[in-house]
Amino acid sequence: MNTMKWLIRRELWEHKGAFVYAPLAVAAALVLLLGGGFLYALATTGAFHFQANGQQVITIEGVPPEMYARAAAIAASSYLAITAPLFLVLPVVVFFYCLAALHDERRDRSILFWKSLPMSDQETVLSKAAVALVVAPLLTVAIGIATSLVLLVLGLLASAVKGVNLIAPVLANANFYLSPLYLLSFLPLYIVWALPTVGWLLLVSSWARSKVFLWAVGVPVIALALLAWFDFLVGRFSGLSLNVKWFGEEVVARMLGGLMPGIWFGEVNGRALAEQNAGLDGPMLIGLSYGTLASPAVWIAAAAGCAMIYGAIRLRRWRDEG
Amino acid sequence: MNTVQDAVPNTTLKPASSAVLSARGLTKRYGKQVAVDGIDFEIPAGRIVGLIGPNGSGKTTTLKAALGLIPFEGELSVLGLDPRTQRDALMKDVCFIADVTILPRWLRVKDAVDFVEGVHPRFDRSKAERYIANTRLKPGMKVKEMSKGMVVQLHLALVMAIDARLLVLDEPTLGLDILYRKQFYQHLLEDYFDEQKTIVITTHQVEEIEHILTDLLFIRDGKIALAASMEEIGQRYVEVMVPNEKAAAARALQPLDQRAMFGKSVMLFDTQRAGGLSRSQLEALGEVRHPSVADLFVATMKGSYA
């Protein structure tokens, strides 16, 4: 267990830029642009213009109480949504991290240094999988929550100065406190969905001698293209049809897209999502998301991911570098 | 079988488990190329063994097999364990520097020390810090900011602070200047080595390690060309400074090698060659002395690149 702790620290030393500085830079940009926007609005507009149902409401007293409550509810339940850009950075960073994880150490031959210490291939590969599946998402979530709070405070202050004081109703709203927990509760689901991608990337990373990216992306994409072409020919001559769409959605998409947070919404009934008009309904989103686990395909893919991680462990054991 | 063990009557206490490393029919093929060709050898505890051979002779392959880095055929036991199946257990007691190892570029000196301390139960932090203090390395320095020699110094400081039962050093001093190389071998002998430990070294700078070795293993074309203790070698091989008038007589005794020096011929004889050769016979030819390992190596490996 102690070894695991050090192995994970090792990964963070090496990839601090990707896991900490990259999200921090995005967070800083968000704070500067959005937070700056609030302050700019504060400095340049004299009176408060509250646009409600198409009517210009100028006086504070004129804001209907129900609008107040609704604005506060939206702010309290959805303030985390503002950090969505961070969750677009995460899959990119983790994708390239996994590709490099078992390849770079072979390329620069530092693998021989790591292998001279009492750490098994299993521990080493699992530490990298854990960083990709747990540590990196947690870091992004933490930075995301902190950024959202900063922006929420700026937004609340700006509107309070303008006379729309939502601070008390937001603080009184339970969703304000529960939102971070809702966000965190997606992590186990994210891990299940990300496993096939992490497994595939680690496998390629430990197998390919060079051009990891081409192998990782090229193999599934070319397989898909070949299958589509074959299907086209077979379909012309015999009327049989291979299920290319199935291969694309169930194999290629899971192999390459699993790191994308929210990829599971592809399997969720869209109408339920469209009905979110009083801010995000956390419990409902969680319920819908976890509902996707009822499909055996998710579990088969996750098991395949574990098998590929095991394959990466075996490959690392006997890879002979020079 | 070539046995290094028992070559010399052991003067110090003999450890209970005799062989730290023992190979029987160790073979490694890369495709059709045979890198190691069914070799047998045994290395007991408390020895410093020089594994010496020309480039491509199979030294590194042998060591990689012993360290569980590559699959192989034959039998190989390291500290009583099979490196193919018990590598994880083995690495608790074995440490190594492989000839092509590079420390990762992003690693900082202080992080490296913390990390090895964290994962290695036999790491002595104060020892590593002492070695590092002896160099120009700074705690915050990253490997990518270091010169080649400094990277090696860091690596050696880490490895020397690990109390391993078997230490394998494959070209450990590559890129180091002569001052540090001498200092390193001094430390290795004085600070690190004891009867419980075994060190296997390969290097091309044989003359520098000659004085610390207890045993020699010459390897050529994947086969053991010579396996003996230094004492045995001292008794077996004799170098004679033969004046020119006796050169013809000396040549009749079939020297392994000869070269000219200050108007004399320096000839190397194997006293155990077929037909026998006595020391007194050689003493009659001229001044007798111990050959250097480098000269012995050159004589043994003659024609390696032919």
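1. The contact between the two chains draws 20 residues from chain A and 22 residues from chain B. Please keep in mind while reading this and every later point that the model is a predicted one. On the side of chain A that touches chain B, helix 1 (2–14) and helix 6 (111–115) of chain A each contribute at least two residues, and helix 1 of chain A gives the largest share of that side, namely six residues. Sorted by class, the residues of chain A that face chain B comprise eight nonpolar, six polar and six charged.

2. Turning to chain B as a whole, this chain contains eleven helices and 13 strands. Its radius of gyration is 21 Å, which is close to the 19 Å that the globule rule gives for 306 residues, so chain B is as compact as a globular protein of that length. The C-alpha trace of chain B extends over about 65 × 45 × 40 Å along its principal axes.

3. One sheet of chain B is an open one built from three strands in the order 2-1-4, with antiparallel pairing. Its edges are strand 2 (33–44) and strand 4 (73–78) of chain B, each of which pairs on one side only, and from one strand to the next the twist averages 15°.

4. Within that sheet, eight bridges link strand 1 (residues 19–30) of chain B to strand 2 of chain B in the antiparallel sense. Two of the facing positions can be named: B:Lys28 has B:Val36 in strand 2 of chain B as its bridge partner, while B:Leu26 stands opposite B:Ile39 in strand 2 of chain B. These two strands, strand 1 and strand 2 of chain B, form a hairpin with two residues between them, and B:Gly31 in the turn has a positive phi of about 65°.

5. A second sheet of chain B is also open and has six strands in the order 5-6-7-3-8-9, although here the pairing is mixed. Strand 5 (94–97) and strand 9 (223–229) of chain B are its edge strands, each pairing on one side only, and the twist from one strand to the next averages 15°. Strand 5 of chain B runs parallel to strand 6 (residues 166–170) of chain B, and four bridges join them; in this pairing B:Phe96 stands opposite B:Val168 in strand 6 of chain B.

6. Which strands of the six-stranded sheet does helix 1 of chain B touch? Helix 1 of chain B packs on that sheet through strand 3 (48–52), strand 6, strand 7 (198–202) and strand 8 (215–220) of chain B, and its direction makes about 150° with that of strand 6 of chain B. Helix 1 (residues 59–66) of chain B also lies across strand 1, strand 2 and strand 4 of chain B, where it runs at about 120° to strand 1 of chain B. Helix 11 (residues 293–300) of chain B, for its part, lies across strand 3, strand 8 and strand 9 of chain B, at about 25° to strand 8 of chain B.

7. In chain A, helix 4 (residues 84–101) and helix 7 (residues 121–161) pack with their axes 10 Å apart and at an angle of about 155°. Because of that angle, helix 4 of chain A is roughly antiparallel to helix 7 of chain A, and the crossing of these two helices is right-handed. The residues that make the contact include A:Leu86, A:Phe87, A:Leu90 and A:Val93 of helix 4 of chain A, and A:Ala132, A:Ala136, A:Pro137 and A:Ile143 of helix 7 of chain A. By class, this contact of helix 4 with helix 7 of chain A has twelve nonpolar, two polar and one charged residues.

8. The crossing of helix 10 of chain A with helix 11 of chain A is right-handed. On the helix 10 side of chain A the residues are A:Trp200, A:Leu201, A:Val204 and A:Ser205, which meet A:Val212, A:Trp215 and A:Ala216 in helix 11 of chain A. Six of the residues in this contact are nonpolar, one is polar and none is charged.

Conventions: Residues are numbered from 1 along each chain as its sequence is written. Chains are lettered from A and ligands numbered from 1 in the order in which they are written. This is a predicted model: local features need pLDDT of at least 70, side-chain atom pairs count only at pLDDT 80 or more; totals for chains, interfaces and linings use all residues. Two residues are in contact if their C-beta atoms, placed from the backbone, lie within 7 Å. Ala, Val, Leu, Ile, Met, Phe, Trp, Tyr, Cys and Pro count as nonpolar, Asp, Glu, Lys and Arg as charged, and the others, Gly among them, as polar. Two strands pair if DSSP finds at least two bridges between them. Axes are lines fitted to C-alpha atoms, for helices over the stretch in contact, and angles run from 0 to 180 degrees between N-to-C directions. Angles under 35 degrees count as roughly parallel, over 145 as roughly antiparallel, 65 to 115 as roughly perpendicular and the rest as oblique. A crossing is left-handed if the near helix is turned anticlockwise from the far one by less than a right angle, and right-handed if clockwise. The radius of gyration is taken over C-alpha atoms; the globule rule is 2.2 Å times the number of residues to the power 0.38.
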